[in-house]
Amino acid sequence: MKPILEIQSVSKKFNIHHEGGSYLSLRDRIGELVKFKPSRKSEEEFWALKDISFSINPGESIGIIGKNGAGKSTLLKILSKITPPTEGKIICRGRIASLLEVGTGFHPELTGRENVYLNGSILGMRKKEIDRHFDEIIDFAGTEKFLDTPLKHYSSGMQLRLAFAVAAFLEPEILVIDEVLAVGDAEFQKKCMGKMEDVSKSGRTILFVSHQLGMVSKLCKKAVFLENGSIVGYGKSDEIIRDYTKRIFTENVYKVNENDSNKPYSVTSIRPLNSELENTSSYAHDENIMLEIVFVIRKRMNGTNLMVSVNNKNGHRIFSIDRSIDDVRVNINNSATAYLTIPKVSLTPGNYSFFVAIHKPNTMAYDILDKICPISVFDNGSEFIKYEDRWFYGDVFVSGKLEFK
Amino acid sequence: MVEYKELFYFFTWRDVKVKYKQTALGFLWAILQPLIMMVIFTFFIGKAMNVPSDGMEYPLFAFSGLILWTVFASGLTNAGNSMVSNAQIIKKIYFPRLIIPISSILVSVFDFIIAFLVFILLILYYDQSVFIGQAFIFWPLGLLVTVIATFGPGCLLAALNVKYRDFRYVIPFVVQALLFLTPVIYPVSIISNPILKYLLALNPMNAAITLFRIPLTESAPDMMTLWISLASGVLFFFFGLAYFRKTEMYFADLA
């Protein structure tokens, strides 16, 4: 089977102007021509993409992930022929439709009905196709009452829904989507996700750029990881996402070197770990989160506890674990190590930090550390994925029982 | 391009719709513009300055020029600005870029059709004799030459405007100046200096208007100026097209 899309060592160069506005003006050109004025030397080359090669088989869904400025959008623009590559070429064996923005070409003065036709045909749909799907589109958008109202009187939410609805009925062989699902309300997102899954199941090829790793892992079997314009990983999306989250690792190890402290107990280091006992700052929601706490005992005090709490992004405590350390068998002035495991599917996707204290309950604290070791949890396909970045549904997953009688 | 013929239709349709949305007079504007110009020129050029009019009533003479001139002027202005005003679409979707300037010229052709009805009424009102057989050839031909004359410079300006925004200011100025360098409100025969005559013939609209007036006048057109003007129109057409095709790939990067 021949790949439907082949990208062969594609590179893209931009010239960045530093001085003045970004537009050229004739005066500068004429100035250069007559050598009246030295040409601007402030122009700088910038390679947005460097030697990108990969190929996609028909029916595959590929996620493209990477930080801002990694070249994801440039790659999509080249794939959809909007801008030519500086080097390399693309072989495409199918009708390609790109959705780099929702509602491209929407005109505020035209009515909803008129905009459906205009937008549809800009996206590459035939008039017949639009006619055939018109009722479904309007139904999907839920704007039938306002069909003949100019778009400028629509709320922005309604405009978005209409735009999506048109896009949802695109039937190309290859669909290129840039981050557009990051808008719309939760219910509508769910509809869109369902639609996208249908599309990929129907054997069409999808290229999907998103920051929402959960969506990528759910929709795409394979993923490309871009960094500074180059591919650093291409393979199964789970592995690539894991790789990616390791790369965006932020320093989160807590360490002190105060050996001469006269405190009876003091914490010397805390490290968040993954299940392979490697330090990390990013976890899938269905992955165990471990915290390694190393502390020194200089003088044993009876009734001492180690308390570890998890703070949510606002710094509020979510839950705590409190254990006596009276029985920890370690020689005086030596280090003891405690491992805390937070079982998988406990923390919802988001950012967290820790609170660690060695204390005598309600009496005194020997060592207190708060808001340390920041970590983040990403959605790896939970039942709440439809709310990703849309709706805050809480800090913890609880498998409560819901019965209908 | 054939694959995208529906998009052609939709862009033209959009521009026509948007042009007259929320206007009280609607399509009447397509008539009013040349009509008001005609009245003004009749008073100042025809009556006050006694400019000849190839044996026609001056208002009819002026209108027969203005009706094509309006196609050229609005077509050139809209086509020249079309790539910049559609930058948002260009940056997000691929389609043959030529669709945009062409459909903005087609909008002007649409206006022409409406104004043409008024032109017929004026002919009846002034009881102007028309060579009917010639009319069926030269009126469509005049329009075709106008479209060709608009297309070349229109595409050129559209492409240049993407790169050098200076052309945004050049376009209205060029249109204004060209009105006086085109035999819209005066006949070609008024110019006796041969050098000046052939120089002005470089303007492609010269041929368009001359052809359009053939059925209305008994005086034969100056063939030399006609051929020069036609050749210049064709040259501009291919030059504009070639420049556009050469640069269109990079519009999305520059827009």
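Keep in mind that the model is predicted.

**Chain A: an edge-to-face pair**

Start with Phe225(A) and Tyr244(A). Their ring centres are 5.0 Å apart and their planes stand at 90 degrees, so this pair is edge-to-face; the angle cut-off for that class is over 60 degrees. Now colour by secondary structure. Phe225(A) belongs to strand β8 (residues 222-227) of chain A, and Tyr244(A) to helix α8 (residues 237-247) of chain A. The two residues are 19 residues apart, and their pair links distant parts of the chain. Are they buried or exposed? Both Phe225(A) and Tyr244(A) are buried.

**Chain B: a stacked pair**

Next, select Phe63(B) and Phe119(B). Here the planes make 15 degrees and the centres lie 6.4 Å apart, so the pair is stacked. Phe63(B) sits in helix α3 (residues 58-85) of chain B, while Phe119(B) sits in helix α5 (residues 99-125) of chain B, so the contact ties together parts 56 residues apart in sequence. Phe63(B) and Phe119(B) are both buried.

**Charges over rings**

Return to chain A and pick Arg317(A). Which ring does Arg317(A) lie over? The face of Phe355(A), at 4.2 Å from the ring centre.

Finish with Phe95(B). The charged end of Arg97(B) sits over its ring, 5.2 Å from the centre.

How values were computed. Residues are numbered from 1 along each chain as its sequence is written. Chains are lettered from A and ligands numbered from 1 in the order in which they are written. This is a predicted model: local features need pLDDT of at least 70, side-chain atom pairs count only at pLDDT 80 or more; totals for chains, interfaces and linings use all residues. Side-chain values use heavy atoms; hydrogens and water are left out. Rings of Phe, Tyr and Trp (its six-membered ring) pair if their centres lie within 6.5 Å; planes under 30 degrees apart count as stacked, over 60 as edge-to-face and the rest as tilted. Helices (H or I, at least four residues) and strands (E, at least two) are DSSP runs, numbered from the N terminus. Buried means under 20% relative accessible area, exposed over 50%, partly exposed in between (1.4 Å probe, protein chains only). A charge sits over a ring if NZ of Lys or CZ of Arg is within 6 Å of the ring centre and within 35 degrees of the ring normal.
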